[in-house]
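Open the model in your viewer and keep the selection panel at hand. This tour goes from one selection to the next.

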Amino acid sequence: MKHYEDNFAHNSLPSSELMPEYNFTDLTQFQHPEMLNCVERLLDFHIKEGNGNNICIRTFETTWTYQDLYDKANQIAHVLLENLDLKSGNRVLIRSANNPMMVACWYAVLKAGGIVVATMPLLRSKELTTIIDCAKISHVLCDKELEEEINLVKSPSLKKTCFYGNSQLEELMQSKSKTFINYPSKSDSLALIGFTSGTTGLPKMTSHYHKDILNICECFPAYSLQPTVKDVFTGSPPIGFTFGLGGLVLFPMYFGASTFLIEKPSPDLLLKAIQEHKITICFTAPTAWRIITAKVKDYDISSIRKCVSAGETLPIKVWQDWYDATGLKIIDGIGSTEILHIFISSNEENMKPGATGVPVTGYEAKIVDIEGNEVPTNEPGRLAVLGITGCKYLNREEKQREYVEKGWNITGDIFRKDEEGYFWFVARGDDMIISSGYNIASIEVESVLLTHEEILECAVVGLPDNDRGMLVCAHIVLKEKHKASEEMKKDIQQWFKEVAAPYKYPRIIHFTNELPKTETGKIQRFKLK
């Protein structure tokens, strides 16, 4: 029996010898039946248990119960099948800020047998077109407020686009039943595709099964957060990031808790939400924790019991300043889109300030050299991870070979492990720039800059920065070198924000007569750093 009618995604999985080894460590919570649709445990379960009236999603403007979300997800699933001609296995792109309808669409796609591709609202048409072409996406569900860029997309694979936000989708939903029979997916049917930046021109498609989605709910949250139905989650990461998907949707709903969604989550709005809605668990990046620390004295945050940081390494000063101001310990963690969520972290009982932590339940980790041999204690090396989720790139076997070695996931991070088994971040192992929690590949920024009519050559590197972790810095050779000026820098920066996601723009620009290169013409980025 095939997984789906449309098997493009499954046929694009790596060959068996390149797949990560799944280590279930004989723990029963990671064992699943052959037939599994993860929505049944995350959403339908709470209705069957009689908890439909419990609060599920709040915003500053509205409140949804679990029954509200269930009803709307079911209605959208009907629309997908009956009006938009969705076939099982079709990829559906969701374009939205963090709001309740995005969550309803996310569940509806899986209920109807589709594969979710959630994206960030800042992406422009060029980036969206690349994603749609790579994943052969057939359907788009898009917030009406973000229609401009999606309307610019031209792709042969795209068949249907439907907008919501007092728009077409809500009109179609009105006549639909609030009950729905979920598609009979398998535990190893693909449920989502996440795009990750890389060091080549094409982005990489990471993929995850229905069982993977449930597995991560039994890992980090059970180990570090111990959620209950009384918890209220919030945070700043977009649901289009797997960090945000887990922290703001999957984890609270797995445990029957509630989530507070903020479409444009500034530090002030996070603090306002914490004070007014008694948030208990907050997810955000180190940059935001630093800013919040300076403002926290003006707010009542006594409801908070867990603070989570990920997306980039947490500086010890940020941790200490927050602890001094609040008495709360920030839980640091490292995860990746390839492995789906956090796999090394800590809890309040085993925390070492400055250390990322230890492998959470369901994962193992070690530090290896270039040959794959484990290195001595406290010696830096490549971080290798094995567990109940792992990297499965679609149609990128050459990248799969780089990420998975002998079943272990090689994350691209340099760490060291101390005598007590704690893992300490040392550096990134590639040219990825992590700025304010966003992963930005140097090659992506360079590819955009090279389309500018005045630019002959460029090289992009990350520079350390106390506020953002790193800054995007572009070294540019102009076609007409005499045009180099501060005005030209501003013009290039403004142009970049109009043609690509603004968070990727080069905050620092240096004009130069030539770039340092090897004899074969390869740019020596280490010299620019």
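## Helix H2 and its neighbours

Start with H2 and H4: they pack at an angle of about 115°, and their axes lie 11 Å apart. That angle makes H2 roughly perpendicular to H4. The two cross in a left-handed sense. Keep in mind that this is a predicted model.

Now show side chains. From H2, pick Val39, Leu42, Leu43 and Asp44; from H4, pick Tyr107, Leu110 and Lys111. These residues meet across the pair. By class, the contact of H2 with H4 holds five nonpolar residues, no polar ones and two charged ones.

**Next stop: H3.** Select residues 39-48 for H2 and residues 66-82 for H3. Their axes come within 10 Å and cross at roughly 120°. That makes H2 oblique to H3. Here too the crossing is left-handed.

Which residues of H2 meet H3? They are Leu42, Leu43, Asp44, His46 and Ile47. On the H3 side, select Tyr66, Gln67, Leu69, Tyr70 and Ala73. The residues of this contact divide into seven nonpolar, two polar and one charged.

**Colour H2 by burial.** The buried residues are Val39, Leu42, Leu43, Asp44, His46 and Ile47. Turn the view to look down the axis of H2: its buried residues fall within an arc of 150°, so they line one face of the helix. An α-helix has 3.6 residues a turn, so residues three or four places apart point the same way.

What do the buried residues of H2 pack against? Select H3, H4 (100-111), H8 (210-217) and H10 (242-254). The buried residues of H2 pack against each of these helices.

Then step past the end of H2. Gly50 follows the helix, and its phi is positive, near 80°.

**Last stop: Gln75.** Go back to H3 and select Gln75, which is found in that helix. Is Gln75 buried or exposed? Its relative accessibility is 9%, under the 20% cut-off, so Gln75 counts as buried.

Show what surrounds Gln75. Leaving out residues up to four places away in sequence, Gln75 touches Met173, Lys176, Ser177 and Lys178.

To finish, draw a distance from the C-alpha of Gln75 to the C-alpha of Lys517. The two residues are 58 Å apart in space and 442 residues apart in sequence.

Notes. Residues numbered from 1 in each chain as written. Predicted model: local features only at pLDDT ≥ 70, side-chain atom pairs only at ≥ 80, totals over all residues. Heavy atoms only, no water. Axes fitted to C-alpha atoms, helices over the stretch in contact; angles between N-to-C directions. Helix = DSSP H or I, 4+ residues; strand = E, 2+ residues; numbered from the N terminus. Parallel < 35°, antiparallel > 145°, perpendicular 65-115°, else oblique. Left-handed = near helix turned anticlockwise from the far one by under 90°. Contact = heavy atoms within 4.5 Å. Nonpolar A, V, L, I, M, F, W, Y, C, P; charged D, E, K, R; others polar. Buried < 20%, exposed > 50% of the residue type's maximum accessible area, 1.4 Å probe, protein only. Arc of directions from axis to C-beta.
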